Amino acid sequence: MTSVLPPTAELSADEARRIALRAQGFLGAPDRRGGVRGVLRHLGAVQLDTISVLARSHELIPYARLGAVGRKTVEDAYWTEGHSFEYWSHAACILPVEEWPHFAFRRRSYRARPWGHDLPDGAYDTVIKQLRAEGPLTATELGGAKNGGEWWDWSASKVAVERALMYGEVVCTERRSWKRVYDLAERAIPDDLLHDELDDTECLRRLVRLAGESLGVGTRADIADYHRLKGEQFDAVVADSGLVPVTVEGWSKPAWADPQALASEARGRHRTTLLSPFDSLIWERARAERIFGFTHRLEAYVPKPKRVYGYFAMPLLSGGKLLGRVDPAREGTTLVARQVSLDSAKAVAPMAQALREAAQWVGCDAVRIERVDRAELTADLVKAVS
């Protein structure tokens, strides 16, 4: 298709929204050939989180884009054959292994400012020697993750291996029962990628470009936040990143776009799905409000009496818009919608569809609606999910 927008485009709010949706894999037919690994490469980072309601967030990310891909298939795609590693990006994230060289700037930064509690003499070297001798191990297998106090009261071996992870001497190669499995980088990372040769500017330029491609279009804050870069780091490299400046209707700040995103009109079939609160489409709250007019807030850490939408409220995406949210739970083989928030009656059918599909994916054979914020829509939603 021929270019429909010039490189220095003025975008309408609707065009920017569609570009963002396509860049994140929600507009157009999903590319199932690449599967979960394709989603990871396309997004550049998939955030991890401890909370598991329907499933853990890193499972919900490919589900939202590809549909009911098997949960074992998701885990195998991430953690087998050396295709990915876990490191600090937007937060703790699964990253494509080919991006290892581009996080050299962060590893150098961590080495320059040692992290964690003071370690007993020899603790760091002991952990490295144990991994070298015994192969991949969890913190428990390295001698125990805790000292016996509160959850943050880590043992010396846990502090040492986490420090080695930040420095890049150790890699998290998988999660086993949610525990990190550590291995030496020299074993886990392919030889052609195992280097810190790129200077900070090269690393930052690459990550800014990747973030711009994954977002489609974004402000300075949007793009920098994707891999948690500083604003001044973004400023130093954006001119040479390959992203192009654009203006967006209704956006008060300058923006940049992936030139490929401007080369063709963003159109195609929209996904109807529930989103993890940690999905990269919405993980930056100000961006979600600007693009979708939707206030997104995770309330898992808010005292229960103060919650408005629920513990793990999952936004509903349908027709390229965010139409409501649901706080789900599981009771046996029933998916329970503890609290449903709907923008209007038009959201009933897509919410019902999303709940039925999510229930089937996690092995539930029924959906129960407990509470709808618009009480007059309760009967219609109950009927629609039946």
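Me: What makes Arg 228 count as buried, partly exposed or exposed?

Reply: Arg 228 has a relative accessible area of 44%. Buried means under 20% relative accessible area, exposed means over 50%, and partly exposed is what lies in between, with a 1.4 Å probe and protein chains only. The value of 44% falls in between, so Arg 228 is partly exposed. This is a predicted model, in which local features need pLDDT of at least 70 and side-chain atom pairs count only at pLDDT 80 or more, while totals for chains, interfaces and linings use all residues. Residues are numbered from 1 along each chain as its sequence is written, and side-chain values use heavy atoms, with hydrogens and water left out.

Me: How do you know that Asp 225 forms a salt bridge with Arg 228, and why is Asp 225 called buried?

Reply: A salt bridge is a side-chain nitrogen of Lys or Arg within 4 Å of a carboxyl oxygen of Asp or Glu. In this pair the closest N and O atoms are 3.1 Å apart, so Asp 225 and Arg 228 meet the definition. Asp 225 has a relative accessible area of 18%, so it is buried.

Me: What makes Arg 176 and Glu 174 a salt bridge, and how are the two residues classed by accessibility?

Reply: The N to O distance between their side chains is 3.9 Å, which is within the limit, so the pair is counted. Arg 176, at 36% relative accessibility, is partly exposed, and Glu 174, with a relative accessible area of 26%, is partly exposed. A search of the whole structure finds 28 salt bridges, and a network of them links Glu 86, Lys 158, Glu 162, Arg 175 and Arg 180.

Me: Where do Asp 14 and Arg 18 lie, and what distance separates their closest N and O atoms?

Reply: Both residues lie in helix H1, four residues apart, about one turn of the helix. (Helices, H or I with at least four residues, and strands, E with at least two, are DSSP runs numbered from the N terminus.) An α-helix has 3.6 residues a turn, so residues three or four places apart point the same way. The closest N and O atoms of Asp 14 and Arg 18 are 3.3 Å apart, and the two form a salt bridge. Asp 14 is partly exposed at 36% relative accessibility, and Arg 18 is partly exposed with a relative accessible area of 26%. Elsewhere in H1, which spans residues 13–23, the buried residues are Ala 16, Arg 17, Ile 19, Ala 20, Leu 21 and Ala 23. After H1 comes Gly 25, with a positive phi near 90 degrees.

Me: Why is Pro 114 called exposed?

Reply: Pro 114 has a relative accessible area of 55%, so it is exposed. This residue lies in the loop between helix H5 (104–112) and helix H6 (123–134).

Me: What makes H2 oblique to H4?

Reply: Two packed helices are described by the angle between their axes and the distance between the axes. The axes of H2 (residues 35–43) and H4 (residues 71–79) come within 8 Å and cross at roughly 55 degrees. Angles under 35 degrees count as roughly parallel, over 145 as roughly antiparallel, 65 to 115 as roughly perpendicular and the rest as oblique, so H2 is oblique to H4. Val 36, Arg 37 and Leu 40 of H2 make the contact (heavy atoms within 4.5 Å) with Val 74, Asp 76, Ala 77 and Tyr 78 of H4.

Methods. Axes fitted to C-alpha atoms, helices over the stretch in contact; angles between N-to-C directions.
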